[in-house]
Amino acid sequence: VNEQSASVLIQTKVANGSNSSAPVNLTTIIQDANGREVARASARNVAAKGLHAEASQTLKVSNPLLWSDDRPYLYKVISQLEQNGRVVDRYETPLGIRTFRFDVEKGFFLNGKPVKIRGTCNHHDLGSLGTAVNTRAIERQLEILKGMGVNGLRTSHNPPAPELLEIADRMGFIVMDEAFDVWKIEKTKYDYHLDWDEWHQRDLEDMVLRDRNHPSVFIWSIGNEVMEQWDKSPLGGTISRELVGIVRH
């Protein structure tokens, strides 16, 4: 990314669920916030019978407007599958063009500029409204936080509702996306430790795949106050290395 252009690598997975060979053409379009097309790429014959194919395309956006906590500019990626000249599938993905890095001496940088992370732990419940997703209530909560000067969220202690991340993209919050509140050792009798062996890998993989395209997400959390951190066995280190490997894969 520079002031003149940004190269956007887009990897698209295509699954053919039919019983016959069904090659399709993939058209990928980037639109700006006003719906104006700013980049386009095409790939032919990206899926065959019974296969999950992946197409990699690099699109260049000229004079990009960068996403940040104080100017959360959003583009849109439109993925279209075409067969015999007809669009048979269409998917939209939010796109925020931004860079970030951590410097051991100078702290956090967003788009090359130092930014202080003023964050809160954001539990999934909405007070007296309960835990069911209420999009306007989430938005109101984030509006209040924004007014307090908050620019960062930690989604304590579970994968967040997609609606939260969509609002964070739009309002300019940087997000620590958190996966687990418990690992293999229980906190309470009926918590996630009962499902850990069977489900932790699938759940973490699904969370990362679901949330990875949100420009608001800049770091992943693999656990909160897990009991293994107080255990004298090597179990905690073994599990943490496994989870880190899953995220990076």
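**A chat about the fold**

Tutor: The protein has 4 helices and 13 strands; helices (H or I, at least four residues) and strands (E, at least two) are DSSP runs, numbered from the N terminus. This is a predicted model, where local features need pLDDT of at least 70, side-chain atom pairs count only at pLDDT 80 or more, and totals for chains, interfaces and linings use all residues. Residues are numbered from 1 along each chain as its sequence is written, and side-chain values use heavy atoms, with hydrogens and water left out.

Student: What box do the C-alpha atoms fill?

Tutor: Roughly 60 × 45 × 40 Å, taken along the principal axes.

Student: And what percentage of the residues count as buried?

Tutor: Of the 249 residues, 41% do. Buried means under 20% relative accessible area, exposed means over 50%, and partly exposed is in between (1.4 Å probe, protein chains only).

Student: Why roll a probe at all?

Tutor: Rolling a probe the size of a water molecule over the atoms shows where empty space is left.

Student: How does the lining divide into nonpolar, polar and charged?

Tutor: It has 21 nonpolar, 8 polar and 9 charged residues. Here Ala, Val, Leu, Ile, Met, Phe, Trp, Tyr, Cys and Pro count as nonpolar, Asp, Glu, Lys and Arg as charged, and the others, Gly among them, as polar.

Student: Switching topic: how many salt bridges does the structure hold?

Tutor: There are 14, each being a side-chain nitrogen of Lys or Arg within 4 Å of a carboxyl oxygen of Asp or Glu. One of them joins Glu-178 and Arg-154, with the closest N and O atoms 2.8 Å apart. That pair links distant parts of the chain, as Glu-178 is in strand β12 (residues 174-178) and Arg-154 is in strand β11, 24 residues apart.

Student: Are Glu-178 and Arg-154 buried or exposed?

Tutor: Both are buried.

Student: What does Lys-187 meet in a salt bridge?

Tutor: Its partner is Glu-225, at 4.0 Å from N to O. Lys-187 lies in the loop between β12 and α3 and Glu-225 in the loop between β13 and α4, so the bridge ties together parts that are 38 residues apart in sequence. Lys-187 counts as partly exposed at 31% relative accessibility, and Glu-225 counts as partly exposed at 49%. Glu-225 also has a phi near 50°, a positive value in a residue other than glycine.

Student: Where does Asn-84 lie?

Tutor: In the loop between β5 and β6.

Student: Which peptide bond is cis?

Tutor: The one from Ser-156 to His-157 is cis, with omega near 0°. His-157 sits in the loop between β11 and α2.

Student: Last one! Which residues make the nonpolar surface patch?

Tutor: Phe-100, Phe-102 and Ile-117 make it, and it covers about 280 Å². Patch residues have over 30% relative accessible area and no salt bridge; like charges are joined within 9 Å, and nonpolar side chains (Val, Leu, Ile, Met, Phe, Trp, Tyr) within 5 Å. The areas come from the Shrake-Rupley method with a 1.4 Å probe, and for residues only the protein chains shown count as cover. Phe-102 is in strand β7 (residues 100-103), and it counts as partly exposed at 48% relative accessibility.
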